[in-house]
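I opened my notebook today to write down, step by step, what I looked up in this structure. I kept each entry to what I could check.

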Amino acid sequence: MHPTQLEISRRDLLISSAATVAAIGIAGGAAAQASRNEMAYTTKLTFTVNEEGRELDVDNRTTLLDALREHLHLTGTKKGCDHGQCGACTVIIDGRRINSCLTLAIMHEGDAITTIEGLGKPDDLHPMQAAFVKHDGFQCGYCTPGQICSSVAMLAEIQANIPSHVTDNLNAEVAITPVEIRERMSGNICRCGAYSNIVDAIIEVAGTKA
Amino acid sequence: MRPFTYERASSIEAAAKVAASNSQAKFIAGGTNLLDLMKLEIETPAHLIDVNDLGLDKIEATSEGGLRIGALVRNTDLAADETVRRDYGLLSRALVAGASGQLRNKATTAGNLLQRTRCPYFYDTNQPCNKRQPGSGCSAIGGFSRQHAVIGTSDACIATHPSDMAVALRTLDATIESVKGDGSRRSIPIADLHRLPGDTPEIETVLEPGEFITAVLLPRPLGGKHIYRKVRDRASYAFALVSVGAVIQPDGTGRVAVGGIAHKPWRVEAADTELPNGARATSRVLLADARSTGQNRFKIDLVERTLGAVIAAAKG
């Protein structure tokens, strides 16, 4: 598919500031010598979110976080710092937790993404969601979806015997202890300071799993 | 973020060729550092080459008895690899001392090596910074410089390299394998990969434009005790003020590299030979040309004390 006049005018429409137009000029010149795909500032993608196939056509700049919140209206995933420092945007991709703010949506073609909405429903809570409620593992709740997604995938990391900074023996099986959980959850910040209750909630779920 | 075009590379050679012919292009792997910098418009690539589909995510034994680590192996997978844990424990320890679980799941081996400094003035686009804007000046010199480098610095830049993993790789004498834009391949000892800032702090490695790291090679295991000790302002998820990576043999000989104090992982081979003589003798050689800003003078003592703790732990 060669870039059509239609695509170019749509791109021009999308771009308003003079600075941005200047940047496009450079990119366009370089891309003119390269292959067709490189001309596009938007990309179509298909992925699975909470077991549902989704198709999007997004600006290449769209982070996975913004695709989830602004395009798919799955606003359970939160934007805290938008720089990978707070963990509020944590989602699970193919079983692994990541910061959805530090990855582009278009890099997830074909991936299976689980957000807080996919873990459980209000009338059918995931055990981790139920444990957070039971142990009061939050105050304002803003970091909570990220805490819960992170903790679910974190327990899977321990079960997969992935070591952490506080693991004593690299060649033994990793134990589920409060110290291990605290270290492994350090990428999720809670400004309200509900940490001790969060650890209690996770310990309970880990206990019932073992 | 500035607009950019995007492609998924289909081969290593094609990726290197595109990158070498387009100075506005950048490789993207995990993206955890690059996207952060693109949001702040510190990095402004007009074209991204996604290198995630090149099959560079394997860890394999080499015929020399070492290990070849694919450039795209995630930090989590490298730290968790059974052979790495058993034979190169220092590398596992350094990896899990860095970043958060979420970031380690995305961050790659080559990306970790090529991550940029976390100097706050590099990140603050309202401030002069020779690394971000060559010739504009260094705000850290005369500014808030508690976290900055104490050795190998220049009048243009006192930034540190933030990687923990690189300190372990330097201790282990890893080799970087790369492909250039013309398709030729070369090996670079880790000691030579990162540059000191000099007059051109914006040039951080010896890689040529478009040159693409494909793997990191580890030589045969060294045996001995593998210890990585990281000192930071909070117990987890923070960059090092000082970190010490060491492999120490039962007779007290060994090797050591230090993080958090220079523009590259800092190792002085002549200091290794002082290890049996203790932390003071070793750090005296390691930091012979140290130059503090005053605010970061504590790092010079901290290296000696952290190394002392590492040597004690190796005996214990």
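Entry 1, the model. I noted before anything else that this is a predicted model, and I kept that in mind throughout.

Entry 2, a strand in chain B. I looked up strand β6 of chain B, which covers residues 175-179, and found that four of its five residues are buried, so that the strand is mostly covered. I then asked myself which strands are joined to β6(B) by bridges. On one hand there is β7 of chain B, residues 185-189, which runs antiparallel to β6(B) and is joined to it by five bridges; on the other there is β8 of chain B, residues 212-218, again antiparallel and again with five bridges.

I turned to the interface, in which 45 residues of chain B are in contact with 50 residues of chain A. The two chains bury about 4000 Å² between them, and 56% of this lies on carbon and sulfur atoms. I counted two salt bridges between chain B and chain A, and one of them joins the side chains of Asp77(B) and Arg96(A) at 2.6 Å, N to O. There are also 21 residue pairs in polar contact across the interface. Several elements of chain B supply at least two residues each to the side that touches chain A, among them β1 (5-8), α3 (75-80) and α5 (89-96), while the largest share, five residues, comes from α6(B). Sorted by class, this side of chain B has 17 nonpolar, 16 polar and twelve charged residues.

I looked up Glu157(A), which lies in helix α6 of chain A, residues 144-159. Is Glu157(A) buried or exposed? Its relative accessibility is 7%, and because buried means under 20%, Glu157(A) counts as buried. Beyond its neighbours within four places in sequence, Glu157(A) is in contact with Arg97(A), Ile162(A), Arg184(A) and, from chain B, Asn105(B).

Definitions and conventions. Residues numbered from 1 in each chain as written. Chains lettered and ligands numbered in written order. Predicted model: local features only at pLDDT ≥ 70, side-chain atom pairs only at ≥ 80, totals over all residues. Heavy atoms only, no water. Buried < 20%, exposed > 50% of the residue type's maximum accessible area, 1.4 Å probe, protein only. Pairing = 2+ DSSP bridges. Contact = heavy atoms within 4.5 Å. Buried area = accessible area lost by both parts, 1.4 Å probe. Salt bridge = Lys/Arg side-chain N within 4 Å of Asp/Glu carboxyl O. Polar contact = N/O pair within 3.5 Å; in protein donor to acceptor, adjacent residues only side chain to side chain. Nonpolar A, V, L, I, M, F, W, Y, C, P; charged D, E, K, R; others polar.
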